[in-house]
Amino acid sequence: MSDVWIVTGVVAAATIALKAVGPVLLGGRSLPQHLTGVVELLAPALLAALVVTQLVGGDEEIILDARLVGIGAAVVALLLRAPLLVVVVAAAAATALVRLVA
């Protein structure tokens with residue numbers, strides 16, 4: 001058995017164990033209030049981290065390119081309460097324009 005399969009098995013077992021701990025320990029009880037707030041913020045924080053990593057993350061350096069302009073245009077459109085389709089088109093157009101000019 002190779003090292004890759006051993007690591008895959010260990011990660012799978014750890015994932016199953018972590019997913020089982022919550023229901024076993026809580027047993028139908030609700031989470032304490034201070035933990036509920038943390039759990040509710042985990043998904044948005046993880047999503048933001050993934051977006052930033054994909055946006056500016058390189059192999060070993062930070063990459064600043066036209067994608068940042070597109071995200072900026074999307075943020076501005078969202079702040080102006082534009083519909084989602086307009087946000088996507090604005091981001092794509094801004095990114096395309098910067099790539100055309102640069």
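A salt bridge is taken here as a side-chain nitrogen of Lys or Arg within 4 Å of a carboxyl oxygen of Asp or Glu. By that criterion, the structure holds one salt bridge. The model is predicted, so local features need pLDDT of at least 70 and side-chain atom pairs count only at pLDDT 80 or more, while totals for chains, interfaces and linings use all residues. Residues are numbered from 1 along each chain as its sequence is written, and side-chain values use heavy atoms, with hydrogens and water left out.

The salt bridge joins the side chains of arginine 67 and aspartate 65, with 3.2 Å from N to O. In general, side chains of opposite charge can pair when their charged atoms come close. Arginine 67 is partly exposed at 29% relative accessibility, and aspartate 65 is partly exposed at 31%.

Helix α4 spans residues 84–101. Its 18 residues reach 26 Å from the first C-alpha to the last, close to the expected 26 Å, where the expected span is 1.5 Å times one less than the number of residues. Val87, Ala91, Ala94 and Thr95 are buried in α4. These residues lie on the same side of α4, because they cover an arc of only 95° around the axis, the arc being that of the directions from the helix axis to the C-beta atoms. The face turned away from the buried side carries the exposed residues Leu85, Leu97, Leu100 and Val101.

The cover over the buried residues of α4 includes α3 (66–79). Threonine 95, in helix α4, is buried with a relative accessible area of 14%. Beyond its neighbours within four places in sequence, threonine 95 is in contact (heavy atoms within 4.5 Å) with Ala66, Arg67 and Gly70. Alanine 92, also found in α4, is partly exposed at 46% relative accessibility. Alanine 92 and valine 75 are 17 residues apart in sequence and 12 Å apart in space, C-alpha to C-alpha.

Finally, Leu31, Leu35, Val38, Val39 and Leu42 make a nonpolar surface patch of about 410 Å². Patches are made of residues with over 30% relative accessible area and no salt bridge, with like charges joined within 9 Å and nonpolar side chains (Val, Leu, Ile, Met, Phe, Trp, Tyr) within 5 Å. Valine 39 has its place in helix α2 (residues 33–56) and is partly exposed, with a relative accessible area of 45%.

How values were computed. Buried < 20%, exposed > 50% of the residue type's maximum accessible area, 1.4 Å probe, protein only. Areas by Shrake-Rupley, 256 points an atom, 1.4 Å probe, with all protein chains shown as cover. Helix = DSSP H or I, 4+ residues; strand = E, 2+ residues; numbered from the N terminus.
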